[in-house]
Amino acid sequence: MTDTPHPLYDRHVDTLTRALTAITERGYWSAYPESPSPRVYGETAASDGKAAFEAYLNGDFPLDQPGAGDRVATETSPFGVELGVRYPHPGVDELV
């Protein structure tokens with residue numbers, strides 16, 4: 001057995017370390033953020049995605065489930081955006 005790390009590990013140690021940090025912090029992180037490329041997703045991909053995201057802000061999330069009379073808005077964005085998205089808050093009995 002050898003103590004020398006595999007060359008692949010050496011090449012990606014920074015990415016692996018950052019991934020472990022993200023797991024520990026329980027926050028969002030992506031080593032390879034996706035860009036809505038117009039070539040791949042169409043010319044309006046970025047604006048369509050932004051509009052779809054903004055349509056959920058400060059409103060009821062469309063989730064149909066039993067006992068969904070009450071709504072709660074406790075989600076927090078790790079990016080500092082005020083979401084205000086309200087989700088169903090059913091009781092245990094209604095779900096079971």
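1. Basis. The model is predicted, with local features requiring pLDDT of at least 70 and side-chain atom pairs counted only at pLDDT 80 or more, while totals for chains, interfaces and linings use all residues. Residues are numbered from 1 along each chain as its sequence is written, and side-chain values use heavy atoms, leaving out hydrogens and water.

2. Salt bridges. The structure holds three salt bridges (a side-chain nitrogen of Lys or Arg within 4 Å of a carboxyl oxygen of Asp or Glu). In one of them, E25 pairs with R18, the closest N and O atoms lying 4.0 Å apart. E25 is exposed at 54% relative accessibility (buried is under 20% relative accessible area, exposed over 50%, partly exposed in between, with a 1.4 Å probe and protein chains only).

3. Helix α3. E54 and K50 form a salt bridge with closest N and O atoms 3.9 Å apart. Both residues belong to helix α3 (residues 45-56) and are four residues apart, about one turn of the helix (helices are DSSP runs of H or I, at least four residues; strands are runs of E, at least two; numbering starts at the N terminus).

4. Loop contact. R86 and D60 form a salt bridge at 2.7 Å between the closest N and O atoms. R86 lies in the loop between β1 and β2 and D60 in the loop between α3 and β1, so the pair ties together parts 26 residues apart in sequence.

5. F79 occupies the loop between β1 (71-72) and β2 (87-88). Its relative accessibility is 61%, so F79 counts as exposed.
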